[in-house]
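Please look over this model with the notes below in hand.

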Amino acid sequence: MSEIRDILVEQVERLLADRTSPALLRAAEAGTWPEALWAEAEALGLPLAMVPEDQGGAGLGWADAAAVWHVLGRHAAPIPLGESMAAAALLSAAGIAAPAGFIGLGIGSEPVAWGRRASHLAVAPGGAVALHAPTGWQQGRGLIAREPADRPSLGPALTEGRLPAAHGPDAALLAGALLNAARIAGALEAVLDMTVDYANTRKQFGRAIGGFQAVQQLLARCAGEVAATAVAVTNAGRAADRRGLAGAEFEIASAKVVAGEAAGIAADIVHQVHAAIGFTDEHPLHLHTRRLWGWRDGAGPERLWASRIGTVALARGGSNLWADLTSRDEETAA
Amino acid sequence: MAGLRFDLRDTPAGAPALRATLRAFLAEAGRDWPPIVPAYSWMGFDRDFSREVGKRGWIGMTWPAAYGGGERSAMERYVVLEEMLAVGAPVGAHWIGDRQSGPLILRLGTEEQRREFLPRIIRGELAFAIGLSEPDSGSDLASLRTRAEKVPGGWRINGRKVWTTNAHRCDFMIALLRTGPAQDPKARHQGLSQFLVDCRLSGISIRPILDLVGEEGFNEITFDDVFVPDSMLVGTEGQGWEQATAELAFERAGPERYLSSLPLLTEALDDLRAEPAAPEAVGRLLARAGTLRQMSLAVAGMLQDGKTPAREAALVKDAGNDYEQALPEKLRTLIDPARTPPQVQEMLGLMTMVARSYSLRGGTREILRGIIARQLGLR
């Protein structure tokens with residue numbers, strides 16, 4: 001699978017490097033659908049990339065998808081591609097043919113990214129998956145990231161199916177958490193790179209500010225958070241491939257917690273280093289940092305996921321803590 | 001990100017069985033450990049324990065059979081290390097030998113040195129200390145001044161080392177000494193060499209230094225015309241800086257850089273069940289622990305592949321130190337003394353004190369972050 005993944009990741013990287021720009025992000029925040037970008041993503045078969053190959057997809061697993069989502073985050077891609085990929089994955093896992101075009105993903109009671117442009121909506125309550133063609137959308141937008149986010153009038157489902165047990169009763173929430181964590185991982189990388197570049201060019205006191213230890217210490221700490229998030233996300237994707245979404249709850253929750261904490265810490269640091277220019281509307285830094293703050297709240301903030309795994313650990317008790325932490329990947333490997 | 005890579009690594013196939021053996025052994029050995037033992041863990045020192053560990057083949061696990069080693073993989077060794085640390089076992093009497101002195105001798109030592117030292121390290125009989133810091137050379141290690149002067153048949157050492165953990169209990173130390181001409185400020189990293197020094201040689205005086213807990217953890221060592229024979233030079237004369245720096249990748253890479261305070265979480269967990277803030281706080285701690293473990297495993301994998309992941313190790317150590325240092329403080333906010341057993345409170349108190357050392361030993365936070373910053377391209 002990694003060969004297909006590498007090809008897709010490279011294609012997505014090239015597409016986004018060519019097609020995204022601060023102007024495109026600003027237009028999307030004002031409600032303009034990035035039609036050309038979406039059309040190219042569709043032409044590459046990306047929305048159906050997680051659908052099995054015999055059903056017309058590329059058969060990507062969760063780890064592969066997370067690698068693609070990482071790239072989406074790095075470019076702050078203003079299209080709901082990750083949501084559409086996850087929706088198609090859940091539909092096909094439940095034996096429902098994923099329709100072409102943009103499929104919105106319903107995560108709990110959260111508004112749906114770009115719902116107004118969705119031909120279909122997938123929801124996954126309690127281990128079932130239902131495909132809807134919503135009858136209408138109440139338009140809104142994210143408070144911080146400002147991306148269009150709409151509430152559907154659902155109407156009756158077009159079709160319904162059951163997910164395999166390994167995906168559990170919270171599949172959309174778990175998939176959404178992995179998606180948001182992966183996007184955060186990518187966006188963190190981008191803001192760190194931007195800030196290192198800035199620190200090496202901006203001069204004060206006759207030298208680049210990146211030469212000052214105070215600045216170096218901050219950015220080194222930031223790099224630790226960036227690396228931790230990337231590892232947590234990769235680990236979560238691997239676990240989901242091995243044990244299904246529900247079986248990977250610990251790893252996905254961990255990734256969302258680490259990503260959420262890292263988003264806060266890193267955004268503090270990169271704004272501190274950029275100082276006043278980074279606080280302006282004109283400078284593109286906030287196009288990424290506002291998404292970091294938005295994505296950390298998407299599909300459950302740290303509080304929700306930390307409480308879930310903390311509750312399990314408390315019930316299991318101190319004598320199982322270390323054994324549980326180490327056995328997860330060894331049970332399947334043994 | 002700027003050439004820093006962390007590729008996930010699985011633990012080896014035999015890990016569950018290996019863990020079961022270790023857990024049975026540690027449960028028995030640790031039956032009567034008072035809280036001070038896990039609080040010090042690898043800074044603690046227990047020769048009997050280390051000999052038992054040696055008997056079971058858990059020291060020098062990856063080394064060649066010719067010297068008594070187990071020829072097992074670095075990932076199997078990793079499993080042993082993390083099991084020991086997770087319960088805070090007092091591994092100090094073999095830890096340094098297994099982690100860095102032995103590997104250094106194996107890589108760069110003479111055949112004679114390998115035959116003399118490795119089998120005894122493996123049996124848990126030979127304890128090593130690290131002679132790096134000096135009174136005027138801490139983070140600025142390359143400024144060190146303790147000299148080894150060439151004399152017929154060997155070297156004569158004069159100077160002082162400090163903060164050498166457990167030196168007063170150890171058999172040997174690997175000392176980094178200045179052998180080149182009087183220090184040229186432009187070439188401070190040159191003219192340094194590493195020596196095996198018997199801690200009981202004539203002319204050596206070791207003065208334990210009480211730490212803030214009140215324990216005799218580290219020492220000041222004075223060398224007064226100490227003679228060591230030529231056969232105790234390790235590696236190449238004048239290459240000591242490069243040799244010691246490569247050694248630091250081993251020193252900084254291990255699970256001891258994030259697990260130091262985990263025994264406190266294990267110990268305190270059951271008494272946190274009635275605390276409303278506990279689920280979220282414990283969840284956050286576990287999310288970080290699981291992630292640091294994967295980062296640490298990734299570095300272990302690179303070591304297994306024969307790479308020298310010095311920068312990755314610096315990053316994991318820095319992130320791990322932050323974590324293990326924050327853990328006792330976080331638990332303090334959750335623990336209600338009225339319903340917490342005295343041994344948990346004692347461990348919390350001890351770890352609150354000992355945790356100060358986490359971001360100092362093996363390279364301070366500031367030095368590590370300087371290494372990471374250079375890797376990021378900051379100048």
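1. Strand S1 of chain B (residues 128-131) is covered on both faces. Phe128(B) and Ile130(B) are buried on one side, Ala129(B) and Gly131(B) on the other. Buried means that 20 or more other C-beta atoms, placed from the backbone, lie within 10 Å of the residue's own. Strands are DSSP runs of E, at least two residues long, and helices are runs of H or I, at least four, both numbered from the N terminus.

2. The model is predicted: local features need pLDDT of at least 70, side-chain atom pairs count only at pLDDT 80 or more, and totals for chains, interfaces and linings use all residues. Residues are numbered from 1 along each chain as its sequence is written, while chains are lettered from A and ligands numbered from 1 in the order in which they are written.

3. S1(B) pairs with strand S4 of chain B (residues 172-178) in the parallel sense, over four bridges. Pairing requires at least two DSSP bridges. Phe128(B) has Phe172(B) in S4(B) as its bridge partner.

4. The largest nonpolar core holds 237 residues. Such a core joins buried Ala, Val, Leu, Ile, Met, Phe, Trp, Tyr and Cys residues through C-beta atoms within 7 Å. H6(A) gives the largest share, 20 residues. Leu90(A), Leu178(A) and Leu219(A) have the most contacts inside this core.

5. Which residues does chain A bring to chain B? The contact takes 49 residues from chain A and 47 residues from chain B. Two residues are in contact if their C-beta atoms, placed from the backbone, lie within 7 Å. H7(A) supplies the largest share of chain A's side, 16 residues.

Methods. A residue is buried if 20 or more other C-beta atoms lie within 10 Å of its own, exposed if 12 or fewer, and partly exposed in between; C-beta atoms are placed from the backbone.
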